Amino acid sequence: MNAEEYDASVIGSGAGGAAAAYRLVLGGLRVALLEKGGHLPTDGSTLDIRRVVHEGEFFSREAWVDGRGRRLTPEEHFNVGGKTKWYGAALLRFAEHEFLPDAAHGCAGWPLAASDLAPYYAEAEQLLGVRTFACEPNLARILARLQGHGSRWQARAMPLSLAADVTAFPQEATHFDGFASARNLKGEAEQSLLARLRTRENLTLLVNAEVTALLASRESPRAVGGVQLADGRELRASRVMLAAGALHSPRLLARYLKATGLEAHLPAAAHVGRNLKLHLLTAMLSLSCRLNTDLIRKTMVLRHERFAHSSAQPLGFDGELIATLFPKAVPVALRRQIGRRAYGFFLQTEDGSDTRNRVIEGRGPHPSPVLDYDERRLPAAAREHRRFTAALQRALVRAGLVSITKRIGLNGTAHACGSLICGHSASHSVVDALGLVHGMKGLYVVDGSVLPRSSRVNPSLTIYAWGLRVGDLVAQQFRREREPAQVSTAALAGSGRTC
């Protein structure tokens, strides 16, 4: 079977993969974008509560085990656009200090500054149509009480990648958080980035194309030469970009390092899969006597000066969806009445880096991959999250709402990142500031795996910005490499000589 030839192969079409592919294609490279899943339907099924929430129809069924060998199924999505089709559209920049190390919280620093990502943050915001919406009446009433009487709670408008007219479509406005838009009213990787490249002949999007192995170049295993697909096809490319996500990219890399023997010789190999971060997450349902009629709900983000690594944001869930979250033992009519009077909040705290929190490629007689993560290894983060949750509960009681909480478990991998962290040296990281795997040629990582810090906000915008930056830098290098050849060809043409 003849291998197809490309300038670059990008594995995964989520935030980082789509962003990198976008820049590479605009830079003139012939790009193969490989997606394990297919296109999502546009028949409205991705907005159906029963099919999306209760049946989990669109989740991956891949079986994992935790660090103790117990089975779990992470909530992963394999489809064009990846998790961005399903995310809550909250796109916030990391603060400048969140690029610096924070030893007290167990956070490693970035090998670059916020200013290095700033132009790519701006580009991502423009491509994704990021905007803010007015705080709706019910939430405004809650925040007014929450912030009164000398309170130190601070609220700011939430940057959202939603269409300006989303409220004209109530089903979409009330079902964007955890659902995929059927009308393309949410800015995401497929519609905001890849759709702009439809007429470009130098992009090949292959769906249902699972990559099972990275291939070495013909010269050395320290240089990649392409990828192998599950159906046996080989795609040759001197540049390969891992964008399969923080649970999957490290497995592909670990597989390659083992197969080539580099796991014993490449210093960065010791860190592959380690330093996994998920955020410490809690869902909070806050009940009042007042009917809630807000549509979007997720219009503001809350912070408190005492909790520097934490934030809270309303869930984009309407009363119908909130009602489904209560135990089935509660009568349906009562659930609906409670749901119409409830507001949901999503609390998150930055978790630091610990090398014991990791993704491990399955081996031996039981080859299920391992998600070994324990927040007890992160005492500072665990302590802050408990206190942050309790503080918000107390504040909401003063605002007239009684809250119940539920921790998000290991299967909640929406914010998974940091399993191939970037850093200055192979002695403590896998990837350098340019996105290149330490000690390798042509192998880049452009997804959330690179994040050395998860910050106190959603990581999606930073992943987009990282992908745009790496894609841009690689495209610049590609143009520089081609210039001598173009000059030589032009000189031969001018002299009338032929080869």
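**R50 is partly exposed, at 46% relative accessibility.** The view belongs to a predicted model, in which local features require pLDDT of at least 70, side-chain atom pairs count only at pLDDT 80 or more, and totals for chains, interfaces and linings use all residues. Residues are numbered from 1 along each chain as its sequence is written, and side-chain values use heavy atoms, with hydrogens and water left out. Residues are termed buried under 20% relative accessible area, exposed over 50% and partly exposed in between (1.4 Å probe, protein chains only). R50 belongs to helix α2, which spans residues 49–54; helices (H or I, at least four residues) and strands (E, at least two) are DSSP runs numbered from the N terminus. Between R50 and P369, which stand 319 residues apart along the chain, the C-alpha separation is 29 Å.

**A333 is an exposed residue of helix α9.** This helix covers residues 332–339. The relative accessible area of A333 is 56%, and the residue is therefore classed as exposed. From the C-alpha atom of A333 to that of L185 the distance is 32 Å, and the two residues lie 148 positions apart along the chain.

**Six arginines, R306, R383, R386, R387, R394 and R398, form a patch of positive charge on the surface.** Patch members have over 30% relative accessible area and no salt bridge, with like charges joined within 9 Å and nonpolar side chains (Val, Leu, Ile, Met, Phe, Trp, Tyr) within 5 Å. Lys and Arg count as positive, Asp and Glu as negative, and His and the chain ends are not counted. One of the patch residues, R394, is located in helix α10, residues 379–398. With a relative accessible area of 46%, R394 is partly exposed.

**F94 and W110 form an edge-to-face aromatic pair.** Rings of Phe, Tyr and Trp (its six-membered ring) pair if their centres lie within 6.5 Å, and planes under 30 degrees apart count as stacked, over 60 as edge-to-face and the rest as tilted. The count under this rule is eight aromatic pairs. In the pair shown, the ring centres of F94 and W110 are 6.4 Å apart and the planes meet at 80°, so the arrangement is edge-to-face. F94 and W110 both lie in the loop between β5 (71–72) and α3 (114–128), so the pair ties together parts 16 residues apart in sequence. Both residues, F94 and W110, are buried. A second aromatic pair, Y343 with F345, is tilted, with 5.9 Å from centre to centre and 35° between the planes. Y343 and F345 are both buried as well. Ring pairs also join F94 and W110 with F99 and W466 in a cluster.

**A89 and N208 each have a positive phi.** Most residues other than glycine have a negative phi, and most peptide bonds are trans. The phi of A89 is near 70°, and that of N208 is about 50°. A89 sits in the loop between β5 and α3, where its relative accessible area of 1% makes the residue buried. N208, by contrast, is exposed at 57% relative accessibility; it occupies the loop between β7 (203–206) and β8 (211–216).

**R239 and E481 form a salt bridge between distant parts of the chain.** A salt bridge is a side-chain nitrogen of Lys or Arg within 4 Å of a carboxyl oxygen of Asp or Glu. For R239 and E481 the closest N and O atoms are 3.1 Å apart. The partners are separated by 242 residues, R239 being in the loop between β10 (234–237) and β11 (240–242) and E481 in helix α11 (residues 460–495). R239 is buried at a relative accessible area of 10%, whereas E481 is partly exposed at 45% relative accessibility.

R376 is exposed, at 60% relative accessibility. The structure contains 25 salt bridges.

Methods
Areas by Shrake-Rupley, 256 points an atom, 1.4 Å probe, with all protein chains shown as cover. Charge placed at Lys NZ, Arg CZ, Asp CG, Glu CD.
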